[in-house]
Amino acid sequence: MPRTPHSAPHLRVMSVLGLLAALLLPLGMTFAPGALAAPTADPVRVMPLGDSITGSPGCWRAVLWNRLVNSGYRDIDFVGTLPPQGCGQAHDGDNEGHGGELVTNVADQNLLPGRLASTRPDIVVMHFGTNDVWSSIAPDRILAAYTKLVTQMRASNPDMRVLVARLIPMNPSSCAGCAQRVVDFNARIPGWARATGTDRSPVTVVDQWTGFSTAADTYDGVHPNASGDDKIAARWFPALSAVLDAGVPQDPGDPGDPGEDPAACTARFRAVSSWQGGYQGEVTVTNASASAVRGWTATVVPANGARLTQLWNGSLSTAADGTATVRNAAWNGTLAPGASATFGFVATAPATAGTPAATVTCTGTAPAA
């Protein structure tokens with residue numbers, strides 16, 4: 001699907017101008033060429049949801065917005081009941097990042113439905129739970145709140161796409177146990193997402209934890225600095241762009257664009273060989289759905305400061321933090337159920353990097369029916 005526009009066509013009522021034309025044409029009156037322009041599709045509405053990491057000021061949203069626009073995604077609209085807070089660069093700053101909020105309180109007090117009704121998002125990008133972890137709330141209770149929020153999102157829009165972060169690390173001077181509690185909570189998120197996602201309303205986990213340093217990427221052990229904003233945006237980008245590329249039904253009950261739904265996909269990393277200062281690796285992408293896929297996108301997050309420098313059997317783009325996005329080549333994108341494609345790469349690595357390792361994920365796109 002071309003990147004502009006992303007949204008599916010929708011049946012629209014006749015514009016006032018069109019109605020006037022219909023009434024006046026029998027009288028012999030005409031309009032100048034271009035006066036009756038065809039309506040354009042609605043933009044895809046993306047809600048950034050969370051606490052102060054998302055909204056106070058949450059400048060990763062500005063970085064992400066500009067990266068999307070510069071990559072050709074123009075029909076998008078960041079939405080939320082809160083206004084932008086600067087960040088030094090032009091962007092669509094609407095958001096739902098409420099400083100100090102606990103996701104458990106939002107669930108218990110049913111705060112989300114009103115916010116959804118005001119903004120009607122198609123996609124929710126959620127980094128939420130830092131304050132709950134800080135407050136020693138049990139992971140089971142936080143995940144129950146996640147489930148309630150997703151249920152409310154689907155009540156607002158049955159086709160909701162949900163991107164959920166593994167939280168960035170936290171190590172404030174006033175909370176000695178916070179660092180480990182984030183690790184423990186993050187370990188539970190992938191299993192929760194697998195149990196919660198549906199074919200119609202997928203839940204995608206985005207790893208914001210790996211490679212993020214509280215010493216280098218925050219100003220207080222919790223909130224991101226400019227480096228942290230860049231890393232957070234770089235992790236959201238491939239996951240969000242994959243959803244936008246796949247196509248998003250925008251109205252509750254709208255069947256959307258047939259054949260453009262995300263398809264289940266798995267990815268596996270293997271180190272082929274290594275040497276001082278680098279290694280060769282490969283990633284195998286497998287179609288885990290019951291139908292064929294017509295294309296796939298993989299994300300590779302190399303560990304310990306490594307960077308991909310060469311790649312074959314795919315096309316490579318690399319973010320500032322080293323996160324690599326790999327899209328299929330023209331000849332290996334179509335995969336039957338259970339079929340796989342493998343791409344290889346060469347990475348540079350610091351001399352102290354140790355055993356090659358990488359976190360890999362992928363998204364497939366179903367073919368047109």
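Two strands count as paired here if DSSP finds at least two bridges between them. Helices (H or I, at least four residues) and strands (E, at least two) are DSSP runs, numbered from the N terminus. What you see is a predicted model, where local features need pLDDT of at least 70 and side-chain atom pairs count only at pLDDT 80 or more, while totals for chains, interfaces and linings use all residues. Residues are numbered from 1 along each chain as its sequence is written, and side-chain values use heavy atoms, with hydrogens and water left out.

View A. Strands E8 and E9 pair in the antiparallel sense, with 10 bridges between them. To find your place along the pairing, look for Cys265, which stands opposite Asn287 in E9.

**View C. Strand E14 and its two partners.** On one pairing, strand E9 (residues 278-287) is joined to strand E14 (residues 340-348) by nine bridges, and the two run antiparallel. Gly278 stands opposite Thr348 in E14, and Gln280 stands opposite Val346. The E11 pairing with E14 is antiparallel too, with five bridges. Here Val346 turns up again, as the bridge partner of Gln310.

**View D. Helix H5 against helix H7.** Two packed helices are described by the angle between their axes and the distance between the axes. For helix H5 (residues 112-119) and helix H7 (residues 139-156), the angle is about 35 degrees and the axes are 10 Å apart. H5 passes H7 in a right-handed crossing (right-handed if the near helix is turned clockwise from the far one by less than a right angle, left-handed if anticlockwise). The contact, meaning heavy atoms within 4.5 Å, brings Leu112, Pro113 and Leu116 of H5 up to Leu149, Gln152, Met153 and Ser156 of H7. By class, that makes five nonpolar, two polar and no charged residues. (Ala, Val, Leu, Ile, Met, Phe, Trp, Tyr, Cys and Pro count as nonpolar, Asp, Glu, Lys and Arg as charged, and the others, Gly among them, as polar.)

**View E. The largest pocket.** On a 1 Å grid over the protein atoms alone, a pocket is an open set of points with protein on both sides within 12 Å along at least five of seven lines, a cavity is a set where a 1.4 Å probe fits but cannot get out, and lining residues have an atom within 4 Å of a point. The largest pocket holds about 1300 Å³ of space. Its lining runs to 43 residues, and Val203, Thr204, Val205, Cys265 and Cys362 lie nearest the centre. Elements giving two or more residues include helix H11 (226-246), strand E6 (203-207) and E8. E15 gives the largest share, six residues. By class, the lining has 24 nonpolar, 12 polar and seven charged residues.

**View F. The cavity.** There is one cavity of 30 Å³ or more. The largest cavity is lined by Gln208, Thr210, Gly211, Phe212, Lys231, Ile232, Arg235 and Asp321, or by class two nonpolar, three polar and three charged residues.

**View G. Two backbone spots in loops.** A cis peptide bond joins Ser56 and Pro57, with omega about 0 degrees. Pro57 lies in the loop between helix H2 (52-55) and helix H3 (60-70). Cys87, in the loop between strand E2 (76-78) and strand E3 (96-97), has a phi near 85 degrees, which is positive in a residue other than glycine.

Methods:
Points joined across faces, edges and corners; volume = space filled by probe spheres on them. Axes fitted to C-alpha atoms, helices over the stretch in contact; angles between N-to-C directions.
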